Amino acid sequence: MPTSLERFLGTMRCDPTDRPPLWDEGIRDEVWDAWKERGGPSRESFLQEHPFDRREMTDVDLRPKPDLSDEDASARLRAVPDHYRQSRDERFPEDWDSRTRAWIAREFPLGMSVSRGVFLTAGVGTWDTLTGLLYAMYDDPAAVERAMESAADLSLWLLEQLPPGLSLDYAVLSEPIASFHGPVVSPAHYRRFALPHYRRLLDHLGSLGVQVMVVQAYGQIEPLLPLLLETGFNTLWCSHATQ
């Protein structure tokens, strides 16, 4: 029987394998409780009967440190570079060294999140901050570009910290940028503000031998798909909103 890693790589390369990987995104405790109240199996019995394939993420921290404040959009964007410090203490878990040693001889796929997307990079978390960012794309585009550049610089630095001998099997761009109806920025603005920085990341990932480049989407991003394919992404992961 293939390992989780062999099954994942075989599926992503369109090679014959026994079945596609079976992954979960984290079933919430309240869902398990509600299911059990309605006569469903316990978490333990379900997972014993339907085991998920193992996978892990590197668990590096891409969030601004500290969180960006909700001041006006231009001021917040100009402050972004100061919140994406390249600090080992702030960006890696305490057991990073022991994890990386164990990952080198793993039999399951290992991924890394390389971007939280345009909106979360710029500190969007409310309707007001979303509106402010959209205005800033017209009124202060240089600040938006610097924000995206600083986040990409952090991700590139994190990739450079991977120890020799440790490879990644996939990389993930999380892009919560769309409603159920479509993206809330135009393809032209997405091309201008996002793609140059994503291309830098994908070029570096390619130099490390990473072949599976994933866009994790939370809405209807179809108008952006040609741009993402052009940039080098080759996998779409449609997900529920968790950020």
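The predicted model contains an open sheet of five strands in the order E1-E2-E3-E4-E5, with parallel pairing. Helices (H or I, at least four residues) and strands (E, at least two) are DSSP runs numbered from the N terminus, and two strands pair if DSSP finds at least two bridges between them. The edges of the sheet are formed by strand E1 (56-57) and strand E5 (235-238); each has a single partner strand, so one side of each is left without a neighbour in the sheet. Residues are numbered from 1 along each chain as its sequence is written. Because the model is predicted, local features need pLDDT of at least 70 and side-chain atom pairs count only at pLDDT 80 or more, whereas totals for chains, interfaces and linings use all residues; side-chain values use heavy atoms, with hydrogens and water left out.

Strand E3 (residues 170-175) runs parallel to strand E4 (residues 212-217), to which six bridges join it. Within this pairing, Tyr170 is opposite Val212, and Ala171 is opposite Met213. Strand E2 (residues 110-115) is also parallel to E3, and the two are joined by four bridges. Tyr170 of E3 is the bridge partner of Gly111. In a regular strand the side chains alternate between the two faces of the sheet. Both faces of E3 are covered, with Tyr170, Val172 and Ser174 buried on one side and Ala171, Leu173 and Glu175 buried on the other. Buried denotes under 20% relative accessible area, exposed over 50%, and partly exposed the range in between (1.4 Å probe, protein chains only). Six of the six residues of E3 are buried, so this strand is largely enclosed by the rest of the structure.

Asp72 is located in the loop between E1 and helix H4 (73-83). With a relative accessible area of 49%, Asp72 is partly exposed. The C-alpha atoms of Asp72 and Glu175 are 23 Å apart, and the two residues are separated by 103 residues along the chain.

Helix H4 packs against helix H8 (residues 127-139) at an angle of about 80°, with 9 Å between the axes. Axes are lines fitted to C-alpha atoms, for helices over the stretch in contact, and angles run from 0 to 180 degrees between N-to-C directions. H4 is therefore roughly perpendicular to H8, where angles of 65 to 115 degrees count as roughly perpendicular, under 35 as roughly parallel, over 145 as roughly antiparallel and the rest as oblique. Ala73, Arg76 and Leu77 of H4 make the contact with Thr129, Gly132, Leu133 and Ala136 of H8, contact being heavy atoms within 4.5 Å.

A nonpolar core is a set of buried Ala, Val, Leu, Ile, Met, Phe, Trp, Tyr and Cys residues joined through side-chain atoms within 4.5 Å. The largest such core has 57 residues, of which Val118, Leu133, Ile177, Tyr190, Tyr198 and Leu205 touch the most other members. Helix H9 (residues 141-160) supplies the largest share of this core, ten residues. Another core, of eight residues, lies apart from it and includes Leu5, Phe8, Leu9 and Val214. Excluding residues up to four places away in sequence, Ile177 touches Val118, Phe119, Pro183, Val184, Val185, Tyr190, Ile221 and Leu224.

A disulfide is a pair of cysteine sulfur atoms within 2.5 Å, and the count by this rule is zero. Cys14 is in no disulfide, the nearest cysteine sulfur being that of Cys238 at 17 Å. Cys14 is exposed, at 70% relative accessibility. Cys238 is also in no disulfide, and is exposed with a relative accessible area of 56%.
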